Amino acid sequence: LKNVFLIVMENTNWSSIFENKDAPYINSLLTNKDTSYSSNYFDITHPSEPNYMWMEAGTAFDLPNGTGKVSFTTDADASTHNSTSTADHLVASLDKANISWKVYAEGIDGKTCPLLSSGATLYAAKHNPMIFFQDVTDNNNPKSQNCIQHMRPFTELSSDLMAQRNARYNFIIPNLCSDMHDSEGCKTTNRIRNGDEWLAQVVPQILASHAYKDSGVLFITWDEGVNDGKKNQIGLIALSPLAKGNGYHDDANTTVQYNHGSLLETIRLIFKLSPFPNHDTNLSHLFTVSLQ
């Protein structure tokens, strides 16, 4: 496996996706020859932000912030007090290994570091984990060239795929209507259908790309399920020419529960990075090749 694409959707239990007529495209993917999936995959906590932090650092709690500590327990925007100085996270490790990475986000302009949410463009900073790491943003600097270079408008994804300018790790952030988060003010009031139709437009572009066909993988997951005060079963879909495919899944596996830490560990293994402090189980069972 060489190239990774990750799309994170929002706030939906797997039971609300699987065999749901409002998600016809997602369900059509589940029997694709390139598709394996885990329905034994759970969110970490609530609300959104700590789940995203887990995908990037394997934890959201007691991270260093200067001489103190910070835990991500809210959905607040990035700030001096709501960011971390740790270098133990995924994209910092990619930088050290000279492996390229990009964020493609709906609703950002590509001219400033997107530290703040925008109601006008439906961009939610809480869904962009990299901006909470001070080494990415040059200490929360909206003019950080490092941040701007890596945080690109979603509109650039299509042309980058066609021109083979995409990175090896590509984190894709839909806006609040595209990701199933909101329904009010969106294309329709059916948030699941809105997200499914967005994926139906975006996923085929990735699957048709050289980066995908050349030993790539596309992961689709959700940040968390319905907030009922407990861990929720959400979905994790892996599309790859190297997946076991044809709808292989782990429903029968009741002894291991996977989560966002498992996804991070899987990506770490793909890129052969050093272990993170809180490494987890991995999703290697979804593939035909060994990730070890």
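Visitor: Hi! Which residues line the largest pocket?
Guide: Gly107, Ile108, Asp109, Thr112, Cys113, Pro114, Leu115, Leu116, Ser117, Ser118, Tyr123 and Pro142 line it. A pocket here is an open set of points on a 1 Å grid over the protein atoms alone, where a 1.4 Å probe fits, with protein on both sides within 12 Å along at least five of seven lines; lining residues have an atom within 4 Å of a point.
Guide: This is a predicted model, where local features need pLDDT of at least 70 and side-chain atom pairs count only at pLDDT 80 or more, while totals for chains, interfaces and linings use all residues. Residues are numbered from 1 along each chain as its sequence is written, and side-chain values use heavy atoms, leaving out hydrogens and water.

Visitor: Thanks! How does the lining of the largest pocket divide into nonpolar, polar and charged?
Guide: The lining has 7 nonpolar, 4 polar and 1 charged. Ala, Val, Leu, Ile, Met, Phe, Trp, Tyr, Cys and Pro count as nonpolar, Asp, Glu, Lys and Arg as charged, and the others, Gly among them, as polar.

Visitor: New topic: how many helices and strands are there?
Guide: The protein has 9 helices and 10 strands. Both are DSSP runs numbered from the N terminus: helices are H or I with at least four residues, strands E with at least two.

Visitor: In what order do the strands of the open sheet come?
Guide: The 8 strands run β6-β5-β7-β1-β8-β9-β2-β10, with mixed pairing. Two strands pair if DSSP finds at least two bridges between them.

Visitor: And which strands stand at the edges?
Guide: β6 (151–153) and β10 (248–249) do; each has a single partner strand, so one side of each lacks a neighbour in the sheet.

Visitor: How do β1 and β7 pair?
Guide: β1 (residues 3–9) and β7 (residues 169–173) are parallel, over 4 bridges. Phenylalanine 5 has asparagine 170 in β7 as its bridge partner.

Visitor: Where is the cis peptide bond?
Guide: Between histidine 46 and proline 47, with omega about 5 degrees. Proline 47 sits in the loop between β2 and α2 (48–57).

Visitor: What about asparagine 139, what is its phi?
Guide: Phi is near 60 degrees there, a positive value in a residue other than glycine. Asparagine 139 is in the loop between α4 (134–137) and α5 (145–150).
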